Amino acid sequence: MSHWLSFARTTSLLFRSKPIRINFTKSKNNRLLMTLSKGTQEKIRTASNDGDYIPLIASIDVGTTSSRAILFNKMGQEIEKHQIEYSTSASKGKYSVLGKRRFSDESNETTEVPSNKPSTIFSAEGVTIRQTPNLEIEDLLLNQSASTTAAHLSMSGPTLEFPKPGWIQCNPMALLANVVQCLGSTLVSLSDLNKDRIKKSFPPYKIGCIGITNMRETTLVWSKSTGLPIINYGIVWNDTRNLPLIRTLQETVSNETAKKITKKTGLPLFSTYFSCSKLKWLLENEPLVQKAYQEKDLMFGTVDTWLLYNLTVEKAFVSDITNASRTGFMDLNSLDYDDELLSFWRIDPKLVHLPKIVSCSEYYGQLTIPEFTKNLLSTEIWEELNRFKNSRVPIQGCIGDQSASLVGQLAFKTGSAKCTYGTGCFLLYNTGTEKMISEHGALTTPAYWFPNSTEQPEPHFALEGSIAVGGSVVQWLRDNLRLIPKSEHIGPLASRVRDSGGVVFVPAFNGLFAPYWDPDTRATIMGISQSTTASHIARAAIEGVCFQVRAILKAMGSDEVYGDSAYEKKNLATLAVDGGMSKSNEVMQIQADILGPCIKLRRSPIVECTALGAAIAANMAYKKEAERILWKDLNDVKKWIMYNGYDKDEGMPTIMHDNLAVFKSSIDDAERRKHWKLWQVAVKRSRGWLTDVDGEHEDVLEP
């Protein structure tokens, strides 16, 4: 598709008062070409905020297995994008989350790059990805010394490393270099695109502001005096090296104290998940961190803080509420650090620098580019970044990834919910301005805070259910069990059988998250009989993820937000879904069958909901509606992104959002309840495994 053509099929054009139809024809090389009248071109030119350009918002999205920069227009479409996939085999010969990972050559089971397929690899979600000009694969670049990205890897190391089973750590400098590389590459592509647009008498695009979204809980520490990391790694959110520390707490802290802490933070105390225990582990196990702490040189933050500190002229040392709340140090009522919480973890606020807690949508600082990246980038990218920097673009959106996904799903109404099926699964239920402290295993977390919004200026909250293993179970089936050669085979394989034949798969490779919160659980496959086939196991694996989603909804349904209603009677009618696994119709139908007729699934028409959420946050930072470069308010966001500029009652053609799909249950209640009982029994028998067997068995790897 030519650069200036950023739309698909029939759509409506940007920045218009009424929908403008575009006619497409197919060329010989299978590209779509757009023919526009001169009058239509003029409407585009004069309908933007400035007659000379069409505004965009840039999103920086740092996930668990990849980083990307995306440029969004008013309809939530991706105008340009660049991604670096680092995934789970960034460190050759080391452990990964689920064991060694294969390249996509089915006959090659080593970690070497197959010579006949050098540009393809499997992601952590079990998805086949291919290297393109806009998608770089770190594993492959490690073997390409000529690459500029390979150059920064050779200096700073791979982004992810797995030094021991259960240990998952990221390289702070590589994270930063990846972000700069993605943003710079996107700007180069945008420059080429604008040259092409101008030749065709189209107004060029112009980026007005930047939003950031990131994996939460990941813990980084750096020096105030140098601005550099104190150690060469940060502890990633799903790392479990702090499990002994959590076990000690379980033995020494009363339930009364644990509940008191949960009431303040909204988080369970006995979990390896959150930043508080990760920082405590670093202080107890890394002498350099302890030294910096004693010398008052220690700066602590999550990924958002690290990025804002390094990417703003002002060296902004802040964290938005959706990230700060996941440290375990923030009181949900005051939206600030709590002395009692810090004291519990024996953290002296006089010895450690903690970032200021701020909203998700405000001016944080003016973009700058770290000087160290100059030697890691091509001359073209470096020059483009500096031109962009000199235009004084503000960074003014910052929101944790799962909250960003809720916003990107346009779930602004109280009672709306979303579930993202990524490496893990994350379900958020919008409770509005009310903070509901769950009694049944759900987390309470800030959803978003847009103080300049006229509709919703107050902090909004959500109940959250987190599932540690989601799409990564597909990777395990393919790479470890070798049940399937390609990830896309999982849906058809599972659909060969009506149900799992009594097989139940509890995918608790590193314990169970919500609503069980048991780090001592380990994965189990139960109910295997002589008639069990690969199809039964594949289906049971998918069901194991889907049953956890149902368990979370049941837990939320037992909390006060629903009154005294049960799961089947609760007021959540639609669950918006996105992420890798949601792309499979078979998987989503299994999920719908497990949830039952009371809830239907709606697959988002927007692929990058998380990055879009950061763009929305950045847009809402402007205090006056007239200053907002894409959407005047949250209702306008929904009109343009969900309905392509149509009013809701106009009836938008279905072809405009061909990814939009709705899934409803197709099995009867008796069958569904029978399967649910099997799941409950399997979970009960899986829990506490490590406690009963006196700890983790050492890994025994294949040669």
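Because the model is predicted, local features need pLDDT of at least 70 and side-chain atom pairs count only at pLDDT 80 or more, while totals for chains, interfaces and linings use all residues. Residues are numbered from 1 along each chain as its sequence is written, and side-chain values use heavy atoms, with hydrogens and water left out.

**View 1. Three strands make an open sheet in the order E12-E14-E18, with mixed pairing.** Strand E12 (220-223) and strand E18 (352-353) stand at the edges with a single partner strand each, so one side of each has no neighbour in the sheet. Helices (H or I, at least four residues) and strands (E, at least two) are DSSP runs, numbered from the N terminus, and two strands pair if DSSP finds at least two bridges between them. E12 and strand E14 (residues 298-301) are antiparallel and share four bridges; look for Val-221 opposite Phe-300 in E14. Helix H9 (residues 303-311) packs on this sheet, touching E12 and E14, and its direction makes about 35° with that of E12. Contact means heavy atoms within 4.5 Å. Axes are lines fitted to C-alpha atoms, for helices over the stretch in contact, and angles run from 0 to 180 degrees between N-to-C directions.

**View 2. Helix H7 (residues 275-285) is mostly covered.** Nine of its eleven residues are buried, among them Cys-276, Trp-281 and Leu-282. Here buried means under 20% relative accessible area, exposed over 50% and partly exposed in between (1.4 Å probe, protein chains only).

**View 3. Seven strands form an open sheet of mixed pairing, ordered E24-E25-E23-E22-E28-E29-E30.** From one strand to the next, the twist averages 30°. E24 runs antiparallel to strand E25 (residues 460-467), joined by five bridges, and Thr-445 stands opposite Ala-462 in E25. Helix H16 (residues 534-557) packs on the sheet, touching strand E22 (417-421), strand E23 (425-432), E25 and strand E28 (574-578). The direction of H16 makes about 145° with that of E25.

**View 4. Glu-383 sits in helix H12 (residues 379-389).** Glu-383 is partly exposed, with a relative accessible area of 41%. Val-188 lies 195 residues away from Glu-383 in sequence, yet their C-alpha atoms are 9.4 Å apart in space.
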